[in-house]
Structure formats: structure tokens, C-alpha cells
Amino acid sequence: MFHFYHVSKTGSERVNDADICFIQCSVHFITLKKLNRLAHMRLKKGRDQTHEAKQRVDVLHLQLQNLLYEVMHLQKEISKCLEFKSQHEEIELVSEEEFFQEAPAEISRPHVTRDDNHQLTLARLDWELEQRKRLAEQYKMSLARKEKIQKAIEQKREYLSSLQPGLQNIMQASLPVQEYLSMPFEQMQKQAEVARHLPPPLYVLLVQAAAYGQACDKTLSVNISGDVDEAKALSRRPEDSQEDESDSDAEEEQQNTKRRRATVGVQLEDKRKAMLRRHPLSLCVDLKCKDGSVLHLFFYYLMNLNILTVKTKVSTATDLSGAVSAGELLNSESLLNCLYASDHGKETPNPANRYQFDKVGITTFADYVSDLGHPYVWVQKLGGLQFSSDGAQVCLRGSALSASHMEKTMKLLRGRLQARLALHKQFSSLEHSIIPVSSECQHLFPAKVVSGLTRWTMMSYQEFTHVLKAGLVCETDLFFMAVVERGTARLLAAVVLNPRYPEVMPLFSLSLHWKGERSGRTEDNLRAMESEVNVFRAELQGPRPGLQLLTNQIQRLCVCLDVYLETESQVCDGSEGPREFPREKMCLRTARGPSRLKPFKYNHPQGFFSHR
Amino acid sequence: MFISLQLLHMSVFSQSFSPCGRFLAAGNNYGEIAVFSLSAALSPDASEASQKPILNFTAHDGPVFSLLSTDTHLLSAGNGEISAWSWAELIKKVRISCSVNDNSLIVGGGDNNIHIMDMETGIFKSVLKGHTDYIHCLCFKEREEEILSGGEDGAVRIWDARTNRPVHCIEVFKYEECARPQFGKWISCLATDSDWMLCGGGPSLSLWHLRSMSPTSVFPLPGCQREAVFYQDLIMSVGEGPHVSHCLHGGTVKAQIPCTPSSLNTLALNLKNSEHRVMTVGGSSHQIDVFTNFSYRAFSLSF
């Protein structure tokens, strides 16, 4: 090209040369094109070859990928298969030994399964299936049988309930027969029905009292009185009702404070009433005595305080009247005081109640006693409630405790009633100045007793406190004044009667008004008279049960006054007149000992007086 | 505190101190004898319990009217019988009645006679008759060996112990200054101190000079005296009324010390033991008052 250029530049000179050059150039151009063409074709071929090889490689690559993918897939499958937990493993199969023993041959195929675990498992599964099918069939059969039996039961039940009206009729018809034979089954059944709703202590009391009545004491009878429906309501929802109550209380309180300010006192009063609530059912125990009088005991249960209380009533066959001083004897408030020593029934025996009372501001339970009844300790024991903190005692509970106290308490109750009735009679006669001495006790006294009782009245505790030392009397005792007279001599006797008469002797304290005043505190002979009357219980109590004690004591007092006055030495301030009290009693010796005591002891049947 | 009925109606009739002077025996109307330990009761740390008897036993059926201590034994007299108890055993809280071996015991009885018993053999040696009614009290004059006895018949008789014959007889109620007809003529207490004699009872308590057989002073004590003793230059007597009377020989009443029982039956002085020199009185109460200083009551022992 350059040459051509060069040529061309220099070309003008040589035109021929230009043509040769031009032909050379064109040949060169054709060769160049051919070379270019060749180069292009070579390039193209090379490319094609490369392309082909590449394609071959790609195919192979793809195949490789496919295979790899398949491998991976297969691996996953394999791992899945390996992890696969067949349900059959969850089934508890019987152990192999049992299986081989029990399964029939076609299932167990031992010749195959012994070698092959897979077959063994299959066989076991088969066997399992077999067994389950059998059991399912059995189950179906049992169900069917059960249905049949149910139906039979239903039928029988219907039959029985159809009998019910018939039986009722028979029961009604048999009532007159029951009464005639005195076997009140119907009544007892009804009572048993109601008894189911009694609170536990009352139930224990009922059972024990009824048992005791049947076994030992025909004159004792027990009844239940009160509102059964309320009791049922109480027992039906004890917890719910409590919760409801507390909720409703809370609501009520809120409402109250919103509407009007209810006074604190009223709220407290309500709380107190709620605390002292009685169970709607109560027991009535009747003790009949031979002379026709009856002691009615009403037992109540205070639910929140968990104690029993008792109220009494006495009904007598004959009308008791006339004895003014006997007013306190049968007073229902004090009739059962101190049945056992120091059992006053004024305070609640349950120590837990103290805390409850503090919450509602009750200071003494004694205020409510007249309303609610007396919570004596023996009542709690009869109901099986044990509050005593005395650890030394055997700890009985419930029925055992009740049973152990029942007999003794009933006897004491009956004795108390009889003693009080006897005293009542005696008092009415004493008020008429007659000392009723029964014929069995006549031997204690001489035939002629000149001193006589002129007055018998009641006294109060305040008047009495100065007469005797405080350790001997207490507020629950009854106090009386007796006046015995003979001629100008008057003997005043202050009598202390313990509620537990006649177990505890009445105490006499004497003072004599005769030519001056002397009392048992100052004079030895009057003291000896007191001891004669107070100490010798075995002689004075008379035949059992010892109800003659008081009257015998008074009679002895009269006899002793006779002796005292008759044996008094000739006093007279110098005057020698006739004695006011001539000596009529026979005495061995009128004075003995340094204190010159008079002979107060009467000896029967010789009829003389001697010293002890 | 509940006082039982028995305690309420108990009376102490007699007392006696043990030979060593550390114990007191007291007899009551129920026939019981209680032995108290004086050393425990008088010690500085005495308590309620030390005022109770260390031993209490029933000696007789009837009241124990007199107790007497010899050197080894305690003699108690009840209704018709005399028992002897050994002090050594009593102190050990055991009671056995056994025989004694001492001199003679003079017993005044309800049969109006005085019996003298030989304590070794227990046989009655002699009887002194003369009283017309039963005998209340006896005392013995050692120097002249004379026995004095006073009785219900109002006479004080003096007997010679060696010859057992009556020497004198004084009828106290016949003397104007002593006689108290409103009470009676019985003599219930006698005490003698060589030449002097105290006697009292129905008639007023009076001091007599034995040589002249006449009363020298009469004590104006209101009630009947039941026991009187000579002590140093004082005369102490107890009787009706809740006090111990201190009197002088001249006839004046120096003091009247109040006591618990409402009337007193017995007075005893513990002179044998100088540590526990006390006076004890008992009467119509279950308590026995103890006087450490004779002018006031220190404390009471109780049955």
C-alpha cells in the first residue's frame, strides 16, 4: 500500500508502472480478501468446533448434575426410610417366648420366623391383630349382655315401685296395731329420718340417750323438735351458703354504706346474733319420776360456738303451792346448778369462743344464758364434746365420752329433781312450823321434844356473808333462816343449802337469844350444837336417798336446844326461884371436859343423853 | 379455800412438848393426835406446809383430853383408856404403842378417885379416895412429894404421895372472895409453885398461900379459866374468851393477848429447849397459836 502510495505519488511519472501497480494492488486486494475470507472461515470453524465441544461438555455436565441430584434424592429417601418409625413399634407386643407358645402355627411359622427378624415381627403383628379381633368380639358380647341385664333391673325396679303405695297403705293400717302393742316403729322411723339432719353433738346425744333409755331406764324418752326444713337447708349447702353469706354480707354492707350509715351498734348486734345462732333442731329429753313429776330438758346446739346448752322445765303431777321459801328451788334457771361440783353453767366451756366473742364485743356469756340455755360441762360431755384441758384424763371422744357419762348424769338429774321436790314439800310443812320427821328416822330423837320451829324464811346472800367464813359459802347456794323457840329462849339458825343437796350437807350457824346473846362463834356449847347438827351425816341422812337430811337436822337442833336449856346450871342473879326449864332429859353427866360441854348425843333406845 | 366441816368443828384439848423440845403433840376432840415439828415451823424459811402436822393419827375413840410427856414417851388419855406412844417412833413418823419403864403415873379419873400406877409394870399401886365428883386436874409438888387434885365437887385436896393419905381439903367455893355461884363450884385448873397454888374454874382464878391455906389474891378475869401456869414472876392463864391473860402475883391483870380460837382449852410452855422457847395455846378451833415472844401471837399451826 505504501508502495502504491509511494508509487502513486511518484506515479505520475510512470503510468505504466501504475497499471502494473494497479494490477498488483488488485491482486493484492484479492489475495487479502481471500485471506480475510479464509481467516473468517477458519475462525468460524474454530468457533463451531469449540461450540460443539462445549455442547458435549454441557450435556455431560447436565448428566452429571442429574445423577448427583438423583443421588441426593436417593440419599434423602434412604435416610427417611431409615428414620421411619413404624407404628408397629408402638404396639406392645407379647414377648417372643409367649408368642411362640401361644400363637397357632400358621401365624407364628417358626421355621421361617426364627431366622428372619422381619418375618418374626410380621408374625407377631399378625398374632396381635388376631388377639385384638377376638377381644373386640368378646367386648361386643359383654356389652350386649349388660344391656340385657340393665333391662331386667329396670323391670324389677318398676315392679318394686309399684309396690310402694301398697306398702304405705299397710303401714297406715298397722298404726293402731303398733300403738296397741307399744312398739312405735313408725315413730322411730320418722325420728330416724329427722335425726339425719341433726348436728353431730345432738345426734350423739340422741343416740346415747335413746340407747340408755331402752336399756336401763324405761322412764326416759327423747324427742326431736324444731324446724326440719331449715335444718335441711342448712345441711344441703354448707359451703356454698357460707360463701354466699359472706358475699352477700359484703354486698349488703356496701349497699348499706351507700344508702345510709347503719349504726355500728346495729351491725355489731347483727354479728352477735349471727354468732349466737342456734341450730333449728333441738332435742327434748323427758325424765319421769315415780310420783308423776317430769323433768323436761331441752338441748340446743349453738352452731358457731360449737357448744350445747340446756333449758329445763319441771311439770309436777300435783300442784305445788304454798311454800313461799321454796320459790327458788324449782326455778328453771338454777335447778341444774352445780350438778357436778363447781359446774355453774355461766361461762362457755369452749376456750375458742373467747376469741370469737372478742371479735363481736361480747364480754360475758352469762348475759345470754337465760335466752340460750346453760352451757354446763356435763351437757357438752353428753354430746361427745370434750373441751377440758386436763391432759391426764383419758381422751374419749364422741360416743364413748357420751356413753361414759350418760348413766351418772341421768341418775344425778333424777336425784336432783327428787331432792328438790322433797324439799319443796318439806318447806311447805316447815313454814307451818311442823317438822316432818318420817317414821324411819324417829329413832334418832327422843319421844318428847319441847322446842318448836316457829319460823322458816329465805335469806339473801348479802345478809349471810357476815355470818360464816367466806370459804364455806358461795353465791350459788340457797340461804334460809330458821327460828326455834322454847319459853323465853330463841335460837336463830342460818342455814346454807348447797345446790348439790343432799350430797352436800346443809350448814347451820347458830345464835341464841336467852339472857343475853350468844353465838356459835363465841360459846363452846353452841359450837358443839353446831357440830352435832353439821357433822354427823351418816346418822342424820336417814334411809336412802337421804332426802330426810334437812328435816332431821332441824329436829336434832330442837332436841339439842332442849338439852342445852335444861342442863344450864341454876343461874339466877342470886335468886332461887323455880327453874324455867325443868330437867326432863336423862343425862349421865351434864358437863364434861375443860370446855364443859353438854351431853348432846341421844342414845336409842335407852333414851338418855351422853357426850360423844 | 374450802375448810372442811371437820376442821370447822375441831377443838384442841391438850398439848405436850417432846422431851427434846423440838416437837409438839396436840390432841383434839375427834381422838386424833397430831405431831408438829417446832424446829421446822420456827425456822426462818418456814412455809405453809411447815405449819401442818408431820404426823396425824387417831389415838382414841373419844376426845383426847390430856397429853403428858415423860422422858421417852407420850401418854394420852381418852375415854377410859391411857395409851403410851414412844416419842422416838413418833418423830420418825411411825406410831407404835408400847409399854414404858419409868416411875409412877398419877391418874385422876372419872370415877372420883386418883389412881397411882407403876409405869414399869402397868399395875395400879394405890387409890386415893376422897372426892365426891370426878376429878378435873392434878398437879404434883416435888419438894414435899404432895399431890394436889381439883374436881367437879369444888374441893382441892392435898395428898401425901408417900403415905397416900389426904392432908388437906380446901373447898374454894366456900370462900366469899373467890366464889362465883353463877358459874358453879368446879375447879378446872390447878398449878403449884412451891408455896403457892393457883386454882380456878367456876370460882375466880385465885392465888393461894399453901402454908396458911388462904387466898392471897383473886384475879378479876371474866370467864372460867381452864389452865394456868406459873412462869417466872407472871401467871398465865387461858379459858373462856379468845385471849391469854398475863397476871401478876398481886392480883392485877397485866395484859390480855388476843388469839385465834374463840375460847382456849390448853396452854403449854416449852421450857426444855432454849432454842424453841415458845408458848402454844389451843382451844375451840383447828388452829394452835404459837407465841415466840409471849406478848403477841407469831403464827398458827393447823391440823
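**Entry 1: chain A overall**

I began with sequence separation: among contacts in chain A between residues at least 6 apart in sequence, 62% join residues at least 24 apart. I took contact to mean heavy atoms within 4.5 Å. The model is predicted, so I kept to its limits: local features need pLDDT of at least 70, side-chain atom pairs count only at pLDDT 80 or more, and totals for chains, interfaces and linings use all residues. Residues are numbered from 1 along each chain as its sequence is written, chains are lettered from A and ligands numbered from 1 in the order in which they are written, and side-chain values use heavy atoms, with hydrogens and water left out.

I then looked up the secondary structure of chain A, which has 19 helices and 12 strands. Both are DSSP runs numbered from the N terminus: helices are H or I with at least four residues, strands are E with at least two.

Next came burial. Of the 612 residues in chain A, 37% are buried. The classes I used are buried for under 20% relative accessible area, exposed for over 50%, and partly exposed in between, with a 1.4 Å probe and protein chains only.

**Entry 2: the cavity**

Rolling a probe the size of a water molecule over the atoms shows where empty space is left. The search ran on a 1 Å grid over the protein atoms alone, where a cavity is a set of points at which a 1.4 Å probe fits but cannot get out; lining residues have an atom within 4 Å of a point. Grid points are joined across faces, edges and corners, and a volume is the space filled by probe spheres set on the points.

I found 1 cavity of 30 Å³ or more. About 50 Å³ of space lies in the largest cavity. I listed its lining: A:L444, A:F445, A:P446, A:E532, A:R556, A:V559, A:C560, A:F600, A:Y602 and A:F609. By class, that lining has 8 nonpolar, no polar and 2 charged residues. Here Ala, Val, Leu, Ile, Met, Phe, Trp, Tyr, Cys and Pro count as nonpolar, Asp, Glu, Lys and Arg as charged, and the others, Gly among them, as polar. Helix α19 (residues 549-567) of chain A gives the largest share of the lining, 3 residues.

I picked A:R556 from the lining. A:R556 sits in helix α19 of chain A. Is A:R556 buried or exposed? A:R556 is buried, at a relative accessible area of 7%. Leaving aside its neighbours within four places in sequence, A:R556 is in contact with A:F445, A:E532, A:V533, A:F536, A:E539, A:L540 and A:R612.

A:T551 lies in helix α19 of chain A too. Its relative accessibility is 0%, so A:T551 counts as buried. With neighbours within four places in sequence left aside, A:T551 is in contact with A:Q426, A:I435 and A:P436.

**Entry 3: helix α15**

A:L421 lies in helix α15 of chain A. A:L421 counts as buried at 7% relative accessibility. I checked A:L421 against A:S293, 128 residues apart along the chain; their C-alpha atoms are separated by 8.9 Å.

I also looked at a charged pair. A:K411 forms a salt bridge with A:E407, the closest N and O atoms being 2.9 Å apart. The rule asks for a side-chain nitrogen of Lys or Arg within 4 Å of a carboxyl oxygen of Asp or Glu. A:K411 and A:E407 are 4 residues apart in helix α15 (residues 398-431) of chain A, so about one helical turn separates them. A:K411 is exposed at 52% relative accessibility, while A:E407 is partly exposed at 37%.

**Entry 4: other salt bridges**

A:R354 is partly exposed, with a relative accessible area of 33%.

**Entry 5: chain B against chain A**

How many salt bridges does the rule find across the interface of chain B and chain A? The rule finds 1. A:D524 forms a salt bridge with B:R226, with the closest N and O atoms 3.0 Å apart. The pair crosses between chains, from helix α17 (residues 524-534) of chain A to strand β19 (residues 225-231) of chain B. A:D524 is buried at 8% relative accessible area, and B:R226 counts as buried at 6%.

In contact are 25 residues of chain B and 22 residues of chain A. The area buried between the chains is about 2,200 Å², and carbon and sulfur atoms give 55% of it. Buried area is the accessible area (1.4 Å probe) that two parts lose on being put together, summed over both.

Methods. 1 Å grid on protein atoms, 1.4 Å probe; cavity = no way out; pocket = protein on both sides within 12 Å on 5 of 7 lines; lining within 4 Å.
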